[in-house]
Amino acid sequence: MKRLLTMTVATLALGGAAASAQTVGFSQIGSESGWRAAETTLTQQQAEERGIDLRFSDAQQRQENQIAAIRSFIAQGVDAILLAPVVATGWDSVLEEAQEAEIPVVLLDRMVDSDPSLYLTAVGSDLVHEGEVAGQWLVDTVAGEDCRVVELQGTTGSSPAIDRANGFRAAIEGHDNIEIVRSQTGNFTRTEGKEVMESFLQAENGGADICALYAHNDDMAIGAIQAIEEAGLAPGSDILVVSIDAVPDIFLAMSEGKANATVELTPNMAGPAFDALDAYWNDGTMPPNFIQTESRLYTQSDDPMAEYEARRDLGY
Ligand code: AHR
């Protein structure tokens, strides 16, 4: 009820603004992955197509930069704020400030632990489900054989790192043949994915004791694939590789037999976000709390080269 009342006041305040060009501030996390680069590109494209004046701020992975950007957007009097939050906690005060200023905030791709009354809506996938899909793929693929898994986690404290870890564990629960033997963050980057995988390989008998890698994103998996090859092993067969995002490069790796499966996360979060904002600006329509995008599993049998071609020009 509080959310509705607050947003109704905001709607009245915004009334009439829909007729002129809207200004939207976008606080982006950074450019840690190919997926994130594509999300930035698509947000800029979507804004341009809709005649929205997008003010972009790159936080370079720092929450304090995001908070400063949001405060600056509030001071500029933007019509809405898009926020891809680097971590899940610590947003209450700044979201309250935006609400106080009657500026709707839409979360993109990651969640926060704040009360949902503090943002208009969130666009994203079911991050726990993504982890479950990856875990279920492994359960089915090893079919009862013993499998020691190493895990490259996303940025510590981010909702995808928390949820993808939990989802995977839920899927392998009760399958005693599968065990996560090492788990460490690779911060969603190729470089750290490679470095951490090198340490996993060293600690696990040169990689001989690893059956599978679960990476919370494709970029870390791609870095890890390089490490596996440099260790003289064959990624995709000596060590199974399953990850999340469905970026073009993982399809290339799949077409070469070096990666096995990925769960798609669409980088077009801005389309549904701007649709929700348009309706809200026009007549105060309240979107649902959460607008869910799809999560689809791709494997080597899904014509990876065709999937690569379909995505290569999308800004990844
Ligand atoms: O929040 C989504 C995650 O953030 C993507 O899976 C990852 O690539 C990114 O940087």
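These legends describe views of a predicted model of one chain.

**View 1. The whole chain.**
The chain holds 11 helices and 12 strands. Its radius of gyration is 21 Å, close to the 20 Å that the globule rule gives for 316 residues, so the chain is as compact as a globular protein of that length. Along the principal axes, the C-alpha trace spans about 65 × 35 × 30 Å. Of the 316 residues, 52% count as buried.

**View 2. The open sheet of 6 strands.**
The strands follow the order β2-β1-β3-β4-β5-β11, and their pairing is parallel. At the edges stand β2 (53-58) and β11 (290-292); each has a single partner strand, so one side of each is left without a neighbour in the sheet. On average, neighbouring strands of this sheet are turned by 20° against each other, direction ignored.

**View 3. The pairing of β3 and β4.**
Strands of a sheet pair through backbone hydrogen bonds, either parallel or antiparallel. Here, strand β3 (residues 80-83) pairs with strand β4 (residues 105-108) in the parallel sense, over 3 bridges. L83 has L107 in β4 as its bridge partner.

**View 4. The shell around the ligand.**
The ligand is surrounded by 13 residues, and the closest are S33, W35, D109, F188 and N217. Two or more residues of the shell come from each of the elements α2 (34-49) and β9 (240-245). Sorted by class, the shell has 6 charged, 5 nonpolar and 2 polar residues.

**View 5. The two domains at the ligand.**
Domain 1 (9-124 + 266-285) gives at least three residues to the shell around the ligand, and so does domain 2 (127-265 + 299-311).

How values were computed:
Residues are numbered from 1 along each chain as its sequence is written. This is a predicted model: local features need pLDDT of at least 70, side-chain atom pairs count only at pLDDT 80 or more; totals for chains, interfaces and linings use all residues. Two strands pair if DSSP finds at least two bridges between them. Helices (H or I, at least four residues) and strands (E, at least two) are DSSP runs, numbered from the N terminus. Axes are lines fitted to C-alpha atoms, for helices over the stretch in contact, and angles run from 0 to 180 degrees between N-to-C directions. A residue is near a molecule or strand if its C-beta atom, placed from the backbone, lies within 6 Å of it. Ala, Val, Leu, Ile, Met, Phe, Trp, Tyr, Cys and Pro count as nonpolar, Asp, Glu, Lys and Arg as charged, and the others, Gly among them, as polar. Domain bounds come from an automatic or database domain assignment. The radius of gyration is taken over C-alpha atoms; the globule rule is 2.2 Å times the number of residues to the power 0.38. A residue is buried if 20 or more other C-beta atoms lie within 10 Å of its own, exposed if 12 or fewer, and partly exposed in between; C-beta atoms are placed from the backbone.
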